[in-house]
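Please read it alongside the sequence and the 3D view.

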Amino acid sequence: MGDEPWTIDRIRKALGAPSLAEHFLTEINRAPAHELLPVFAKWQGIAEDTLAAVEQADEILAYEARGEEPPGEWIDGTERVLEAAARIREQGAADLT
């Protein structure tokens with residue numbers, strides 16, 4: 001899948017989450033003609049980042065399945081993520097579902 005050209009369908013599939021894919025399709029379908037390429041490029045980047053994160057997660061899971069420590073230095077960011085989530089809830093995040 002890495003060498004295939006990016007298409008609307010490939011981006012949709014790479015996004016994974018149905019709500020995110022729906023958000024993408026809505027945005028690309030409502031974009032005026034002069035904004036299609038920037039919208040497409042934005043979502044292509046999101047799809048590429050998503051695929052890279054999935055690949056990295058798969059590599060980490062493979063290490064753990066073998067009973068090995070994944071390489072690199074790991075920092076516990078739980079507290080930081082919980083604080084960010086609380087701020088987002090307080091501000092009222094946009095619902096993508």
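Helix H2 (residues 18-30) packs against helix H3 (residues 36-65) at an angle of about 165°, and their axes are 10 Å apart. H2 is roughly antiparallel to H3 as a result. The model is predicted, so local features need pLDDT of at least 70 and side-chain atom pairs count only at pLDDT 80 or more, while totals for chains, interfaces and linings use all residues. Residues are numbered from 1 along each chain as its sequence is written, and side-chain values use heavy atoms, with hydrogens and water left out.

**Terms for the helix packing**

- Helices (H or I, at least four residues) and strands (E, at least two) are DSSP runs, numbered from the N terminus.
- Axes are lines fitted to C-alpha atoms, for helices over the stretch in contact, and angles run from 0 to 180 degrees between N-to-C directions.
- Angles under 35 degrees count as roughly parallel, over 145 as roughly antiparallel, 65 to 115 as roughly perpendicular, and the rest as oblique.

**H2 with H3**

- H2 passes H3 in a left-handed crossing (left-handed if the near helix is turned anticlockwise from the far one by less than a right angle, right-handed if clockwise).
- On the H2 side the contact (heavy atoms within 4.5 Å) is made by Leu20, His23, Phe24, Glu27 and Ile28, and on the H3 side by Leu36, Val39, Phe40, Lys42 and Trp43.
- The residues of this contact divide into 7 nonpolar, 1 polar and 2 charged (Ala, Val, Leu, Ile, Met, Phe, Trp, Tyr, Cys and Pro count as nonpolar, Asp, Glu, Lys and Arg as charged, and the others, Gly among them, as polar).

**H1 with H2**

- Helix H1 (residues 8-15) and H2 cross at roughly 150°, and their axes come within 8 Å.
- H1 and H2 are therefore roughly antiparallel to each other, and their crossing is right-handed.
- H1 contributes Ile8, Ile11, Arg12 and Leu15 to the contact, and H2 contributes Leu20, Ala21, Phe24, Leu25 and Ile28.
- By class, the contact of H1 with H2 has 8 nonpolar, no polar and 1 charged residues.

**H1 with H3**

- The axes of H1 and H3 come within 9 Å, crossing at roughly 40°.
- H1 and H3 are therefore oblique to each other, and the crossing is left-handed.
- The residues in contact are Ile8, Ile11, Ala14 and Leu15 of H1 with Phe40, Trp43, Gln44, Ile46, Ala47, Thr50 and Leu51 of H3.
- The contact of H1 with H3 counts 9 nonpolar, 2 polar and no charged residues.

**Salt bridges**

- The whole structure holds 4 salt bridges (a side-chain nitrogen of Lys or Arg within 4 Å of a carboxyl oxygen of Asp or Glu).
- Aspartate 9 and arginine 12 form one of them, with the closest N and O atoms 2.6 Å apart.
- Because aspartate 9 and arginine 12 are 3 residues apart in helix H1, about one helical turn separates them.
- Aspartate 9 is partly exposed, at a relative accessible area of 36% (buried means under 20%, exposed over 50%, partly exposed in between, with a 1.4 Å probe and protein chains only).
- Arginine 12 is also partly exposed, at 31% relative accessible area.
- Lysine 42 and glutamate 27 meet through their side chains in a salt bridge of 2.7 Å, N to O.
- Lysine 42 lies in helix H3 and glutamate 27 in helix H2, so this pair ties together parts that are 15 residues apart in sequence.
- Lysine 42 is partly exposed, with a relative accessible area of 41%, and glutamate 27 is partly exposed at 23%.
- Glutamate 68 forms a salt bridge with arginine 66, in which the closest N and O atoms are 3.3 Å apart.
- Glutamate 68 counts as partly exposed at 38% relative accessibility, and arginine 66 is partly exposed at 48%.

- Leucine 25 is found in helix H2 and is partly exposed, with a relative accessible area of 27%.
- Leaving aside neighbours within four places in sequence, leucine 25 is in contact with Ile8 and Arg12.
- The C-alpha atoms of leucine 25 and glutamate 35, 10 residues apart along the chain, are separated by 14 Å.
- Isoleucine 60 is found in helix H3, and its C-alpha atom is separated by 5.6 Å from that of proline 70, 10 residues apart along the chain.
- Leaving aside neighbours within four places in sequence, isoleucine 60 is in contact with Pro70 and Trp74.
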